[in-house]
Amino acid sequence: MRAPGRRDVPTTLPALLLLLPLLLGSPRGVGAGAGAPAELRVRVRLPDGQVTEESLQADSDADSISLEMRKPDGTLVSFTADFKKDVKIFRALILGELEKGQNQFQALCFVTRLHHNEIIPSEAMAKLRQKNPRAVRQAEEVRGLEQLHMDIAVNFSQGGLLSPHLHNVCAEAADAIYTRQEDVRFWLEQGVDSSVFEALPKASEQMELLRCRLVGDRGKPCTCRYGLSLAWYPCMLKYCHSRERPAPYKCGIRSCQKNYSFDFYVPQRQLCLWDEDP
């Protein structure tokens with residue numbers, strides 16, 4: 001493998017609940033047939049005020065969720081949650097600047113451990129529908145920035161052993177798939193083969209590398225930083241109470257926004273030209 005970065009509820013709801021913008025009901029959208037993923041398209045307001053469309057898909061058979069959105073600068077961001085394998089995959093397809101000698105686009109994949117309380121279950125996601133598809137959604141809760149140091153490479157050819165989704169999601173980023181030592185330790189304990197992971201330069205060596213924004217020579221290695229945001233996603237289920245039901249029942253979702261910052265090794269400054277601001 002080349003070093004990463006190289007380029008050579010109920011179906012019927014009480015009337016009161018219809019006031020909720022997003023409800024749990026019968027699956028709708030693309031693939032409403034048995035065994036096919038259910039899709040929901042949601043208009044979302046980004047942190048800078050602009051509006052984009054998110055596509056959310058849930059496959060309850062595979063126990064997975066995927067989210068995809070295009071940023072105003074053209075970058076395509078996707079997020080996949082694989083509940084069966086405790087894996088989440090972030091992918092960014094970044095449009096290149098040809099006048100700076102970049103390729104047409106650059107792909108990055110970041111793979112980390114999925115904690116099941118981060119997002120609603122796939123079965124619940126498959127039942128989401130919205131009363132007003134033209135409404136612009138804004139997250140109810142902004143969760144704190146998560147900074148991650150990605151110090152291990154994922155071997156694309158063996159990536160299916162980690163998650164069956166990796167080959168499809170990260171196909172364009174085969175040489176730029178990153179993860180963390182602490183997550184690798186967890187997956188190895190779960191029985192994932194060690195051939196999936198490859199060492200990057202030692203942490204001590206990486207610590208000596210400058211941030212790419214401080215490196216003038218585009219051919220030198222450096223530590224790159226890439227930030228992405230999940231502007232809107234269903235992070236928790238809401239429960240309601242009624243006199244007719246003795247126990248609380250699912251009646252909607254709570255939405256969240258979450259920002260991530262990834263630091264990772266690149267063999268050439270040329271592969272991190274966006275990292276120019278402090």
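"Buried" here means a relative accessible area under 20%, while "exposed" means over 50% and "partly exposed" covers what falls in between. Keep that handy for the exercises below, and remember that this is a predicted model.

**Exercise 1. Work out whether Phe110 and Phe262 are buried or exposed, and how their rings are arranged.**

Step 1: Start with Phe262. Its relative accessible area is 0%, so Phe262 is buried.

Step 2: Now look at the two rings. Their centres are 4.1 Å apart and the angle between the planes is 0°.

Step 3: Zoom out. The model has 10 aromatic pairs. Ring pairs join Phe110 and Phe262 into a cluster with Phe79, Phe90, Tyr178, Tyr260 and Phe264. Tyr260 also has a charge over its ring: the charged end of Lys258 sits there, 5.7 Å from the ring centre.

**Exercise 2. Compare Asp63 and Asp86: what is phi in each, and where does each one lie?**

Step 1: Recall the background. Most residues other than glycine have a negative phi.

Step 2: Check Asp63. Its phi is near 55°, a positive value. Asp63 sits in the loop between strand S3 (51-59) and strand S4 (64-70).

Step 3: Check Asp86. Here phi is positive too, at about 55°. The loop that holds Asp86 runs between strand S5 (76-82) and strand S6 (87-95).

Step 4: Sort them by accessibility. Asp63 has 24% relative accessibility, so it counts as partly exposed. Asp86 has 18%, so it counts as buried.

**Exercise 3. Find which residues of helix H3 (residues 181-189) are buried, and what they pack against.**

Step 1: List the buried ones. They are Asp183, Val184, Phe186 and Trp187.

Step 2: Find their partners. The buried residues of H3 pack against S6, S7, strand S11 (152-154), strand S12 (177-179) and strand S13 (197-199).

**Exercise 4. Describe the largest pocket and the largest cavity: what volume does each have, and which residues lie closest to each centre?**

Step 1: Take the pocket. Its volume is about 410 Å³. It is lined by 24 residues, and the closest to its centre are Gln57, Ser66, Leu67, Glu68 and Thr80.

Step 2: Strand S2 (38-45), S3, S4, S5 and helix H2 (166-169) give two or more residues to it. S4 has the largest share, with seven residues.

Step 3: Turn to the cavity. The largest one has a volume of about 40 Å³. Its lining has 10 residues, and Ala38, Glu39, Leu40, Leu56 and Met125 lie nearest its centre.

Step 4: Finish with the elements around the cavity. S2, S3 and helix H1 (122-126) each supply at least two of the lining residues.

Key. Residues are numbered from 1 along each chain as its sequence is written. This is a predicted model: local features need pLDDT of at least 70, side-chain atom pairs count only at pLDDT 80 or more; totals for chains, interfaces and linings use all residues. Side-chain values use heavy atoms; hydrogens and water are left out. Helices (H or I, at least four residues) and strands (E, at least two) are DSSP runs, numbered from the N terminus. Buried means under 20% relative accessible area, exposed over 50%, partly exposed in between (1.4 Å probe, protein chains only). Rings of Phe, Tyr and Trp (its six-membered ring) pair if their centres lie within 6.5 Å; planes under 30 degrees apart count as stacked, over 60 as edge-to-face and the rest as tilted. A charge sits over a ring if NZ of Lys or CZ of Arg is within 6 Å of the ring centre and within 35 degrees of the ring normal. Contact means heavy atoms within 4.5 Å. On a 1 Å grid over the protein atoms alone, a cavity is a set of points where a 1.4 Å probe fits but cannot get out, and a pocket is an open set with protein on both sides within 12 Å along at least five of seven lines; lining residues have an atom within 4 Å of a point. Grid points are joined across faces, edges and corners, and a volume is the space filled by probe spheres set on the points.
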